[in-house]
Amino acid sequence: MRKYQGTRVIIAGALILVLVAVLLFSTYGQTGQSEDESTLIQASSHDIGDINGHLYGGAQMAQGMVYETLVENTVNGPGPRLAESWNISEDGKVYTFYLLKNVTFQDGEPFNAQAVKENIDAVQRNKERHAWLALASRIVSCDVVDNYTVKLVLSEAYYPALNELGYTRPYSMMSPGCFINGETKDGVSGYIGTGPYKLTEHVEDQYAAFEANPDYWGGEPGVKKIIRKVLPIGQTTLLALQKKEVNFLVTETGGNMLDVQAVRDLGKTGDYRITQSDPVSTKILLVNTGNPESPLAEKPVREAVWYAIDRDSLANDLLGGEDFPAETLMSKAVPYCNIDLKVRNFDPEKARQILDAAGWKLENGSEYRTRDGKTLKFNLCYFSAKAGQKAMSELIQSNLKAVGIQLELTGEENNACYDRRKTGNYDMLFDVTWGVPYEPHCTANILKPGGSYGDTTKGLPEAEKLYRKVDEVLASRDEAARKELYTEIFSTVHEEANIIPLTYGRLTAISPKNLENVHFLQNQYELPFKDLQFE
Amino acid sequence: MRAYVIKRIFAAVPLFFIISFCSFLLINLSPTDPAEAALRANDVPVVTQELVEQTREQLGLDRPFLIRYGNWLSDSLHLNFGQSYVKRRPVSSLILPAFLNTLKLVTVTSVTVIFLSTAFGVFCALREGSRADKVTRGVLFAFTAVPSYWVGILMIWFFAVRLNLLPTSGMGSAAHYILPVAVMSSGYIGFYFRLIRNSMVRNNGENYVLYEKASGLPDRLVNRHILRNSLQTAVSGFCMAVPGMLAGTVVVENVFAWPGIGRLCVSAIFDRDLPVVQAYIIVVAAFFILFNLIADLVNAAINPKLREE
């Protein structure tokens with residue numbers, strides 16, 4: 001008997017494993033992924049996360065479905081949302097908001113001035129976390145005037161205050177009933193807003209289900225159920241779209257994992273409709289001007305780089321026409337940015353002339369230019385996890401090589417790239433702007449020392465003047481003066497070529513052919529789901 | 001046997017502590033400040049120095065390394081892996097569901113690998129040199145050689161989209177297991193069936209087999225003896241494959257949107273969510289040690305000589 005003991009152990013082990021496997025199969029039923037045709041099943045590469053409306057960890061698109069803000073950013077500037085109107089004091093320091101009546105939170109609690117005060121106070125008690133938002137440091141108090149009137153008092157005039165109150169986070173209105181001990185900074189007990197959709201189910205890293213809010217003050221949304229399914233890989237997403245396991249997708253600028261041609265082919269099947277937004281952000285190269293040892297400290301070299309990059313190829317050949325070639329940091333559609341600036345089209349010959357004039361000569365038989373024995377070379381760091389940046393960087397490398405510049409590429413994961421941006425440990429660094437409604441004031445603000453783009457302005461001869469103008473424009477209350485200041489700020493940045501624009505990115509929505517009214521908001525991170533309607 | 005078991009268990013304990021210390025040390029050598037990374041992972045648009053300092057204090061990162069290690073080790077032994085820097089939730093509430101999801105996948109895959117590689121191994125060994133042997137080896141080798149990402153996409157396209165037989169991704173029903181298990185096991189079967197086949201072929205030429213055959217023992221019995229003697233190498237391999245699978249599921253989990261521990265760990269690495277990464281290392285290391293122990297014990301059960309050594 002003893003000699004068969006080993007075999008028995010193996011057989012017994014295998015049988016246990018089989019039993020476990022059988023149990024696994026039998027305990028799992030279908031979880032109901034198949035839904036009727038009026039359900040929108042959105043594919044997303046990430047889970048919605050913690051959608052606390054006062055913090056940043058959750059998916060903004062999901063936060064925008066559940067929460068609302070006092071004002072809404074539109075193409076015509078801030079418009080009414082939960083505040084039906086407002087007025088601003090003469091000195092620009094007091095904002096009085098008149099709230100919508102008959103609005104309730106999804107838990108039945110009334111939306112009123114007290115709820116607004118509790119929300120704004122909770123955000124302000126965590127204002128270190130919102131330091132990127134100049135408004136957070138300027139709010140002195142939020143006072144209840146009557147049941148439907150609140151007064152926001154600022155320490156100094158700040159013209160983008162309404163814009164910033166319209167960002168989905170951090171000034172989302174959440175039901176005070178879900179605050180924990182009156183606070184939201186360490187979490188909330190539920191995700192309850194006044195928005196058009198309620199979060200009804202969330203299985204982390206699998207899916208989140210939203211159902212239309214029947215009591216929504218703006219009328220019940222047309223699409224009754226939206227499921228947001230997590231699909232981390234672009235290829236699987238496309239196959240799931242083909243199989244109609246998911247039927248809705250919105251791309252992400254700067255981080256698309258989808259093959260452009262495959263998306264277009266899906267549109268040709270007749271099952272889907274492809275809708276594209278206007279440009280929402282700009283892909284850019286940040287140029288570090290603060291290192292005197294780097295050739296990029298010289299304006300002619302930066303200008304030559306600008307002329308040497310073939311933006312048409314980047315936008316049309318590499319990105320399949322999804323992006324537009326960009327010649328300015330901000331597109332002309334961005335508020336205050338319809339500025340006439342010197343056009344620097346792709347012109348390698350001009351780049352060569354500029355470099356020759358600057359003393360960077362190409363010796364016979366050499367691939368790269370030199371001056372005083374030093375080769376004209378620098379590096380470009382890109383985010384290796386963001387699709388497309390590697391290919392774009394390689395095309396730029398070949399463009400620069402054609403004019404005699406040696407570009408070394410460094411692809412790193414996000415944290416390493418952010419570390420470089422923070423410490424200025426780069427020559428050129430790939431980045432993508434936030435787009436409206438954060439533009440142009442947020443980008444202007446981070447041009448200052450300590451800001452994310454501070455190293456791009458550090459070496460400019462007019463740096464101090466530029467910083468003063470940024471401070472002035474943010475406090476400006478005169479529209480004409482503000483326009484002039486922005487013109488000067490972005491003209492300087494353009495003239496100095498310290499931020500080199502590449503392409504303007506767009507969003508693409510893939511939706512069922514019977515889904516109507518697919519359109520985009522100003523904010524590239526959100527979508528107006530409440531406007532969608534099945535035929 | 002009891003003495004052997006006790007000896008092996010005691011040998012595993014210091015190994016576990018060495019792994020825990022090395023992993024804690026190496027992870028903490030990362031140049032990126034985890035407090036800063038946690039803020040970035042939470043999409044805080046501008047990370048100021050004051051905010052970083054405040055977060056460091058909140059996360060306890062301002063304490064000396066050895067104190068942090070001691071606290072962490074003591075808590076970990078009580079299965080308390082601390083709070084996630086990024087999600088601000090207990091790590092166990094993240095690790096456990098993800099680990100169970102992966103374990104389900106790995107369990108079904110292990111069963112599949114054990115049965116199919118044994119079946120193919122015996123099939124080929126008994127037909128050594130025949131066309132069937134060569135074709136089987138060729139096909140299984142091809143599956144071992146191709147990347148699992150590519151096989152996964154191909155299988156989704158064919159079985160889920162073209163034939164409309166199976167779901168493309170996710171978990172929930174028995175049908176959701178079929179494609180990821182097929183992709184994961186295809187690589188392992190190609191490896192383990194060869195171990196069994198080659199071992200059986202080698203044993204077939206041993207004197208004891210000649211003796212059994214000459215004694216007129218039925219082929220069925222002779223083959224059973226050959227298989228039993230050939231399993232020793234494969235048992236070690238199988239046992240180490242299980243934690244290997246646990247640690248190596250990330251590609252399959254991403255392709256099939258399976259919310260397992262591989263995906264959790266990779267995102268934690270990118271976010272510098274150190275408590276999650278540390279918990280992952282400890283859990284996987286514990287499984288490697290455990291299955292190594294099981295392999296030794298099973299081999300010792302099969303081969304008494306090993307116990308004497």
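Trainee: How many residues of chain A are in contact with chain B, and how many of chain B with chain A?

Mentor: In this predicted model, 47 residues of chain A contact 57 residues of chain B.

Trainee: And what area is buried between chain A and chain B?

Mentor: About 4,800 Å², with carbon and sulfur atoms giving 60% of that.

Trainee: OK, how many salt bridges between chain A and chain B?

Mentor: The count is four. One of the salt bridges pairs the side chains of B:Arg272 and A:Glu413, at 2.7 Å from N to O.

Trainee: What about polar contact across the interface, how many residue pairs?

Mentor: The rule finds 10 residue pairs, with both residues at pLDDT 80 or more.

Trainee: Which elements of chain A supply at least two residues of the side that touches chain B?

Mentor: Helix 1 (5-27), strand 12 (225-230), helix 6 (234-242) and helix 12 (414-423) of chain A each do. Helix 1 of chain A gives the most, with 11 residues.

Trainee: How do the residues on that side of chain A divide into nonpolar, polar and charged?

Mentor: You get 23 nonpolar, 11 polar and 13 charged.

Trainee: Switching to confidence: what pLDDT does chain B average?

Mentor: Chain B averages 85, and 98% of its residues score at least 70. For the model, ipTM is 0.81 and pTM is 0.83.

Trainee: Which element of chain B has the lowest mean pLDDT?

Mentor: Helix 14 of chain B (residues 304-308), at 68. The highest in chain B is helix 7 (residues 148-162), at 93.

Definitions and conventions: Residues numbered from 1 in each chain as written. Chains lettered and ligands numbered in written order. Heavy atoms only, no water. pLDDT = per-residue confidence, 0-100. Helix = DSSP H or I, 4+ residues; strand = E, 2+ residues; numbered from the N terminus. Contact = heavy atoms within 4.5 Å. Buried area = accessible area lost by both parts, 1.4 Å probe. Polar contact = N/O pair within 3.5 Å; in protein donor to acceptor, adjacent residues only side chain to side chain. Nonpolar A, V, L, I, M, F, W, Y, C, P; charged D, E, K, R; others polar.
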